[in-house]
Each structure stands twice: as C-alpha cells, then as structure tokens.
Amino acid sequence: MNAYTIEFHVACPVNGVRVKYTLRIETPARLMLPVEQLVAEIEAIEGDPAFHEDLADRLASKFPGKQTMKAHHHGVGIETTREGEQAA
C-alpha cells in the first residue's frame, strides 16, 4: 500500500470561515499517485468555497484509492471516506 497525505484550507460557502482539511489517499502498492497532479488539484480547490462532502466527491472523481478527509468546523469534526475512481 502507498499512502499520500496533504493538508489544505478551503473557505466555508456559508460563512467564509477558513477550514483546515487533511486528506489521506491509500492506493495499492502497484498504483502510484502523481503528487504533482494532487498538488495542482488541491491548489485549484483552495480558491473556491465548498462543502466538505462536495470536496470529497470531487477528489474521488479525480484520484484512485481509498480517500479519507478530515476537518473541524465550529467545533464539529467532519470525516468522509470515499473510494476514488480506478485508474484506466
């Protein structure tokens, strides 16, 4: 297994509060994730306010593997798990 972890910030679309996210993507050992593509997608995401669950869906549509994303917003912990699209 390979594990990729990245932290990033996105504004809440309701009140504009900056929310810190941690994303972990796990892939089978034979499947490598190009980190440059991950970083580019995260940089694109950081500019747009979005809900946690929508971010999880967006990332799952772009990258393969088990994806766990965590955040805290107004004292509420939010955690989503998605199975990303399989590589063609």
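Predicted model: local features only at pLDDT ≥ 70, side-chain atom pairs only at ≥ 80, totals over all residues.
1. Glu41 belongs to helix α1 and Arg58 to helix α2, so the contact ties together parts 17 residues apart in sequence. Glu41 is buried, at 12% relative accessible area. Arg58 is partly exposed, at 29%.

2. How many salt bridges does the count give? It comes to 4. One of them joins the side chains of Glu7 and Lys20, at 3.5 Å from N to O. This pair links distant parts of the chain: Glu7 sits in strand β1, Lys20 in strand β2, and 13 residues separate them. Lys20 is partly exposed, with a relative accessible area of 43%.

3. Glu26 also takes part in a salt bridge. Its partner is Arg24, and the closest N and O atoms are 2.9 Å apart. Glu26 is partly exposed at 22% relative accessibility. Arg24 is partly exposed too, at 32%.

4. Now the sheet. It is open, with 4 strands in the order β1-β2-β3-β4 and antiparallel pairing. On average, neighbouring strands are turned by 15 degrees against each other, direction ignored.

5. Look at β2 and β3. These antiparallel strands are joined by 6 bridges. Glu26 stands opposite Lys66 in β3.

6. Which strands does each helix touch on the sheet? Helix α1 packs on the sheet through β1 and β2, and its direction makes about 15 degrees with that of β1. Helix α2 touches β1, β2, β3 and β4, and its direction makes about 20 degrees with that of β4.

7. Which residues of α2 are buried? They are His52, Leu55, Ala56, Leu59 and Ala60. They lie on the same side of α2 because they cover an arc of only 130 degrees around the axis. The buried residues of α2 pack against β1, β2, α1, β3 and β4.

8. The largest nonpolar core has 20 residues. Those touching the most other members are Phe8, Tyr21, Leu23, Leu38, Ile42, Leu59 and Met69. At least two core residues come from each of β1 (2–11), β2 (18–27), α1 (35–46), α2 (52–62) and β3 (65–73). In soluble globular proteins, nonpolar side chains tend to be buried together.

9. Leu23 deserves a look. Leaving aside residues up to four places away in sequence, Leu23 touches Tyr4, Thr5, Ile6, Phe8, Leu38, Ile42, Leu59, Gln67, Thr68 and Met69.

Methods: Residues numbered from 1 in each chain as written. Heavy atoms only, no water. Core = buried A, V, L, I, M, F, W, Y, C linked by side-chain atoms within 4.5 Å. Buried < 20%, exposed > 50% of the residue type's maximum accessible area, 1.4 Å probe, protein only. Contact = heavy atoms within 4.5 Å. Pairing = 2+ DSSP bridges. Axes fitted to C-alpha atoms, helices over the stretch in contact; angles between N-to-C directions. Arc of directions from axis to C-beta.
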